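Please examine the sequence and the structure shown here. The paragraphs that follow lead through a sheet, a pair of domains and a pair of helices.

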Amino acid sequence: MKKTKLTIKFILLSVFLIFLGLLDLLSGSIQISVSDIFNYIFSSNTESEFYLLLKEFRFPRMSMAILAGASLSISGLIMQTLFRNPLAGPDILGISSGASLGVAIVVLGGSYLFGNHFYHASNYITLIAAGIGAASILGLILIISYKLRDILSILIIGILLAGIISAIVNILQYFATGINVKSFVVWTMGSLTASSSKDLLLASPIILIFVLLAFSLSKNLNLMLLGENFAKTMGVNIKLLRILSFTIVSILTGVITVYCGPIGFVGIAVPHISRWIFNTSNHFVLIPASALLGGIFMLCGDILSNLFTSNGNLPINAITAILAAPFIIWVVFKNKRTFV
Amino acid sequence: MKFIYFLIFNFLVLFLLNSCNNQHIKTEEGQTIPNKYATDFEIQEISDGYILKVKNRFDQTNSGTYNYYLSYEPESSPNSNVTIPIPVSKVACLSTSHIAFISTLNKTSSIKGISTPELVCNSDVSKLYAQGKIYNIGYDNQINYEKIISISPDVVFAFGVDNTSVSKFQKLTDLGIPVVFVNDFTEAKPLGRSEWIKFFACFYDKLNFATEYFDSIENNYLNIKSSIPQTTEKPKVLVSLPWKGTWWVPGGNSFFANFINDAGGEYIFSNNNHSDSQGLNIEEVFAKAKNISFWLNPNNVNTKTEILSIDNRLEFFEPYKTAKIYNNNLKENQAGGNDFWESGILHPDIILLDLKTIFHQDSTNIHNLYYYKQIN
């Protein structure tokens, strides 16, 4: 009976995700119809008026929304379990900040360091810089987690690292010219529209691999809920689990930050929504549930951002914060049992 | 009791009169010298100098206008908040366009402080800076107030972006260093921006020179404009590049849109009534950019490959495949300072000639592009 209920919930959420995905494909500055979308999917007519629009803009935007929602939500769930802290999220370890630092160095300081022509805001350079920034912080966190046993100390160090990075970014902003600050600020606002089909082809296999890897850790994460000592007695290699978890979180967050900019709140809010809807702490359920709900959440954000303005330019970061923050407050007050 | 009311009434009347008096910089109204194109400044000639009025589109306080009283005899002038003795001999500039205006007036030697020296294209100013005769006074949030005070300029030429930029300079005004906001960049007409040379000329007592100079530019501009072939089908023009999915395009009433129009082109966003830049969703530009003949000013790229490195979807963009791409960065220095935005402000005639050459290549005109280059 319980299993049937679970299956029904997953089916309903999947149908809702597909419906929102379709709605997201329809929303944008240019009006297209459902038949245009089906024509694109089934006939692959490259001569069609909307072929390019759907292939290079709408599909990458919709897919990136789902991938971002899933990645950030799973990352948030793992962090909350690992740190046994309901407010832990993927950006708490400073990984998003690391990516921001990479971009800040290139966009804000690039013209000083490498001359104007290097700077010229090349998307590839921005991507590489964000990747290096995220990976550097990940490396640092891994070294720290190897040396420090206390998980709370790692959390505090992560927050402090994020603070230091934010200070460095502030200094870079202070010295940068207005136009460079604007470019950087636009990046920090987050954007799903910046991704192309090529970006999607590059990002999706990485995300898929690490989502599956996260799912494979479900059993160990379940045991971690009962405390580190209990998990140890059950044969869980805590150090390895931590290293694997941090790697998964860093890669998933890093890849999304690289392509969409830093997107906040999704990673904190969605795991709570998953626990609330499925009323469980079992990671075998919560990981796929968070992936589905994360996708739904980001699609809602994207559809709303397209509804509010005719040219669909409302920053996705602002929309996710507006959507998620009240929900977190509501969860805190109304349903304390959703916490880990 | 009536006596007390009488006293209060008198006090209020005196207070109001005093307040009104403080709001006026000077009661004398001079003869206004009409502008031909510029809309955001006004020159009034008075017996001992000029009253300059600058419209600030970003500041709705102070009636949206700044008043500056320029006087040959400041000692004998009536009390004023901003009185600037003229002619000035030491100035500081916060924009490279200010340098262009001053050097055109042959007063480069008066420049003692500049912002972002690495972005300056004027070779004389760069040389003086290298010799230590001109100082870097910082920019934006990094204004070096101590350096400005040590230079002790007769006037600091700034530009007002919003209310915060006004309050930023209050410190200098309090210390007796006059700050003049030059909002040439808000002018929508190319000749309107150039006409600001008259504004600068008042500080150097060279208004006649500036008027003659401007008239010659205007003549050139109008001659070039009238020589442009009138075709029924104007070439369609696209401008700029996207960044992170947003394509910032000049408004339909902007400075550059007017240039395109005067050069006989059809700007694809001309129906947009804005005079400043507008952020459009990249897919909107993709859909609108059909049958584009020319793609201009793609930021500061030098090759088509660099365009793709900004957004690889531009590979499928029709103008990328079919349009001729030209950028205005032929006179760009190593640090990225672009002379188009410096000396170009005073040479709209040359820019128009460049655009005419680009748009109407079949015509018999032979002109080597000055600010523009083709991107391949």
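In chain B, five strands form an open sheet in the order β1-β2-β3-β4-β5, with mixed pairing. From one strand to the next, the twist averages 30 degrees. Strands are DSSP runs of E with at least two residues, helices are runs of H or I with at least four residues, and both are numbered from the N terminus; two strands pair if DSSP finds at least two bridges between them.

This is a predicted model, in which local features need pLDDT of at least 70 and side-chain atom pairs count only at pLDDT 80 or more, whereas totals for chains, interfaces and linings use all residues. Residues are numbered from 1 along each chain as its sequence is written, while chains are lettered from A and ligands numbered from 1 in the order in which they are written.

Within the sheet, strand β3 (residues 49-55) of chain B runs antiparallel to strand β4 (residues 65-71) of chain B, and seven bridges join them. Tyr50(B) has Leu70(B) as its bridge partner in β4(B). Helix α8 (residues 196-204) of chain B lies across β2 (41-46), β3 and β4 of chain B, at about 40 degrees to β2(B). Such angles run from 0 to 180 degrees between N-to-C directions, and axes are lines fitted to C-alpha atoms, for helices over the stretch in contact.

Chain B is divided into domain 1 (87-216) and domain 2 (229-374), with bounds from an automatic or database domain assignment. Taken over C-alpha atoms, the centres of these two domains of chain B are 28 Å apart. Contact involves 20 residues of domain 1 of chain B and 18 residues of domain 2 of chain B, where contact requires C-beta atoms, placed from the backbone, to lie within 7 Å. On the side of domain 1 of chain B that touches domain 2 of chain B, α2(B) gives the most, with six residues.

In chain A, helix α3 (residues 51-83) and helix α9 (residues 197-216) pack at an angle of about 25 degrees, with their axes 10 Å apart. The helices α3(A) and α9(A) are therefore roughly parallel, a term for angles under 35 degrees. Residues of α3(A) including Phe59(A), Leu67(A) and Ile74(A) meet residues of α9(A), among them Leu200(A), Ile207(A) and Val211(A).

How values were computed. Angles under 35 degrees count as roughly parallel, over 145 as roughly antiparallel, 65 to 115 as roughly perpendicular and the rest as oblique. Two residues are in contact if their C-beta atoms, placed from the backbone, lie within 7 Å.
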